[in-house]
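User: Can you take a close look at the ligand site for me? I'd like one connected walk through what lines it and what touches the ligand.

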Amino acid sequence: MTNELWGQVRQQLQQIVGANNYSTWIEPLEFSDLKNGVATFLVPTQFIGNWVSRNFSDQIKQQLNTSGVSVSRVEFSLSKRAPVAKMAAAAAKPKTKADLPGAPLDKRLTFDNFVVGKPNELAHAAAKRVGEGGPVTFNPLFLYGGVGLGKTHLMHAIAHDLIARRPDLNVLYLSAEQFMYRFVQALRERKMMDFKELFRSVDVLMVDDVQFIAGKDSTQEEFFHTFNALVDQNKQIIISADSAPGEIANLEERIKSRLQSGLVVDLHPTDYELRLGVLQQKVDNYRAGNKDLILADGVLEFLAHRISTNVRVLEGALIRLFAFASLVGREITLELAQDCLADILRASSRKITIDEIQRKVSEHYNIRLSDMIGPRRMRTLARPRQIAMYLSKQLTSRSLPEIGRSFGGRDHTTVMHGVRKIKELKMLDSQISDDLELLRRSLEA
Ligand code: ADP
Ligand code: MG
């Protein structure tokens, strides 16, 4: 393989790993030689070598093979042009940002791109405050919540804001996994002093997904000391996890209590409005670059209704939809969305049962469940019954005869009549439409 060919393969890798990863990890690689199917690359530091080997060697190998270079393994060795003397010099001078072993920041994850709604407004406000870089008021800021609810997004947004306002600050963002990896490596290479010095020299430390170090004893220990040293110096710390500090299993008690000593805020599962807001924003962003996207009315509302609380899944669905629409060059209709996202919709729809609907509706109107199903026909019972039938039609995949059977063996025409009646009333009677909305939400929650 020639250097020129590597240059081309490298460009293709940029498409695969993204610009950030590319400039941090792939660009520094220098092709050395290819022997017996083993491609060797020179790396400026051992750390880069290890990281690339762990995270990108498969992609590199695959891309080389795709380009006609037959490679069974890739290896990394330290470049002679990064003499040890230079590293020693680097340790002597004050740390610069380039020395910090952080993870690259994603430039799309900003506050501007973060949609605020009821479920995340507190976390957003706290993150904004920390991003202002004023005096440290709560330390640490602890953000927690389920997968895909925006923890990482908020952390990156804080980092972007801080760096823009205070370029002098050393802001270090990394995942707990990377923290452990760095720690283990320092142990192995007998560079614990460097490690400690490095982590104690940052102004703002952000550790994402801290639950990862639970049960990993020596990493926890080191994390605890790093944490304390920074808090003592009044340096801001921001932590995220998938659950509240007290609920992380196998995390040392003293760490739990330390993590609770600042401000603990959670990101709640998204609600319909927030999901719709996120979808709307993504569509606007996409439209800015692709003017010809045509989206039928109701598609976003449908997705916001049907796709679970996880924003990442929501984004994935939209990306697929855009790709599909641009391939087939058609308007995105409800049918197309249902078709193209069938698997996602199936996986994320929580099955609501007729039984649940009957219970909720009876509770809401304060009638007995037996009356909901029973034969009595007075208005105070019939109306809630029709509402329950309507919701059963809307929220489950049951047929009219099936629904009829669940309502004390009523005929499907009775169900049809009830559903139609409520459809009409929904337009005319705001009380009924409010009730329906409330019931639907509490059933879907
Ligand atoms: P977490 O770290 O909590 O698992 P992420 O921050 O990685 O979740 O969010 C998952 C995806 O959803 C990201 O692409 C993120 O940009 C997006 N996202 C999450 N919450 C929001 C929000 N409120 N507004 C806009 N995008 C969001
Ligand atoms: Mg995350």
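Analyst: Let's say a residue is near the ligand if one of its heavy atoms lies within 4 Å of it. On that rule, 18 residues surround ligand 1, with Gly-148, Lys-151, His-153, Arg-312 and Glu-315 the closest. Keep in mind that this is a predicted model, where local features need pLDDT of at least 70, side-chain atom pairs count only at pLDDT 80 or more, and totals for chains, interfaces and linings use all residues. Residues are numbered from 1 along each chain as its sequence is written, chains are lettered from A and ligands numbered from 1 in the order in which they are written, and side-chain values use heavy atoms, with hydrogens and water left out.

So who supplies the shell? Domain 2 (111–266) and domain 3 (272–347) each give at least three residues, the bounds coming from an automatic or database domain assignment. Among helices (DSSP runs of H or I, at least four residues), α7 (151–165), α12 (272–289) and α14 (311–328) each put in at least two. By class, the shell has seven nonpolar, seven polar and four charged residues; Asp, Glu, Lys and Arg count as charged, Ala, Val, Leu, Ile, Met, Phe, Trp, Tyr, Cys and Pro as nonpolar, and the others, Gly among them, as polar.

Now the polar contacts (pairs of N or O atoms within 3.5 Å). A polar backbone atom of Gly-148 sits 2.7 Å from a ligand 1 oxygen, and a polar side-chain atom of Thr-152 is 2.8 Å from an oxygen of ligand 1. Asn-120 uses a polar side-chain atom, 3.4 Å from a ligand 1 nitrogen. As for cover, ligand 1 taken alone exposes 550 Å², and the protein buries 91% of that (Shrake-Rupley method, 1.4 Å probe).

Methods: Polar contact = N/O pair within 3.5 Å; in protein donor to acceptor, adjacent residues only side chain to side chain.
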